[in-house]
Amino acid sequence: MRLALDWGRARIGVAASDPEAIMAFPVETVAAVPDPWPRLVELIEHYRPLEIVLGLPRNLAGVEGPAALAIREVSIQLAGFAPGVPIRLLDERLTTVTASRQLTGAGRNTRRQRSVIDQAAAVALLEEALRSERLTGVAPGELVEPSTAGEDDAR
């Protein structure tokens with residue numbers, strides 16, 4: 001079982017995989033403000049994931065900007081709320097575009113997508129991670145090192 005988070009300023013899309021890590025499914029959308037942590041901790045405790053995939057926003061050229069820096073900070077907080085659960089940062093370029101296309105293909109117009117687009121983006125992110133791992137045998141993305149999280153928290 002794995003969880004994926006598509007973290008935005010207003011909403012956080014959450015997706016999970018089946019225990020065999022074959023497919024991903026939407027879980028819910030969590031409000032990012034004022035404090036998403038109580039609900040996210042409940043979800044982590046409920047699903048007990050082997051790892052959490054967190055989308056890392058990069059621009060189309062692959063460059064990390066302020067949004068990526070913010071997610072790196074979130075990953076450190078997440079490590080504190082999910083001790084012992086590996087957290088991987090995975091490039092999320094085009095996951096929202098992919099999700100929107102899939103929802104449009106399923107008959108949801110842009111207005112009707114708002115309520116589920118973040119979940120669909122989390123599903124796309126997790127599906128990409130699962131596919132990559134099946135093809136390569138290696139978990140994709142950048143592992144957030146627990147020691148790094150502790151050092152940054154101490155600063």
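Which residue in E3 is the bridge partner of Ala15? That would be Pro26.

## Ground rules

This is a predicted model, where local features need pLDDT of at least 70, side-chain atom pairs count only at pLDDT 80 or more, and totals for chains, interfaces and linings use all residues. Residues are numbered from 1 along each chain as its sequence is written, and side-chain values use heavy atoms, with hydrogens and water left out.

## The sheet

The protein chain has six helices and six strands (DSSP runs numbered from the N terminus: H or I of at least four residues for helices, E of at least two for strands). Along the sequence they read β-β-β-α-β-α-β-α-α-α-β-α.

The six strands make an open, mixed sheet ordered E3-E2-E1-E4-E5-E6, where pairing takes at least two DSSP bridges between two strands. Strands E3 (24-31) and E6 (142-144) sit at the edges, each pairing on one side only. From one strand to the next, the twist averages 25 degrees (axes are lines fitted to C-alpha atoms, for helices over the stretch in contact; angles run from 0 to 180 degrees between N-to-C directions). E2 (residues 11-17) runs antiparallel to E3, with seven bridges joining them.

## Helices on the sheet

Helix H1 (residues 37-47) packs on the sheet and touches E1 (2-7), E2, E3 and E4 (51-56); contact here means heavy atoms within 4.5 Å. The direction of H1 makes about 155 degrees with that of E3.

Helix H2 (residues 66-81) also packs on the sheet, touching E1, E4, E5 (87-91) and E6. Its direction makes about 165 degrees with that of E4.

## Burial

Of the 155 residues in the protein chain, 44% are buried, that is, under 20% relative accessible area with a 1.4 Å probe, protein chains only.

Key
Buried < 20%, exposed > 50% of the residue type's maximum accessible area, 1.4 Å probe, protein only.
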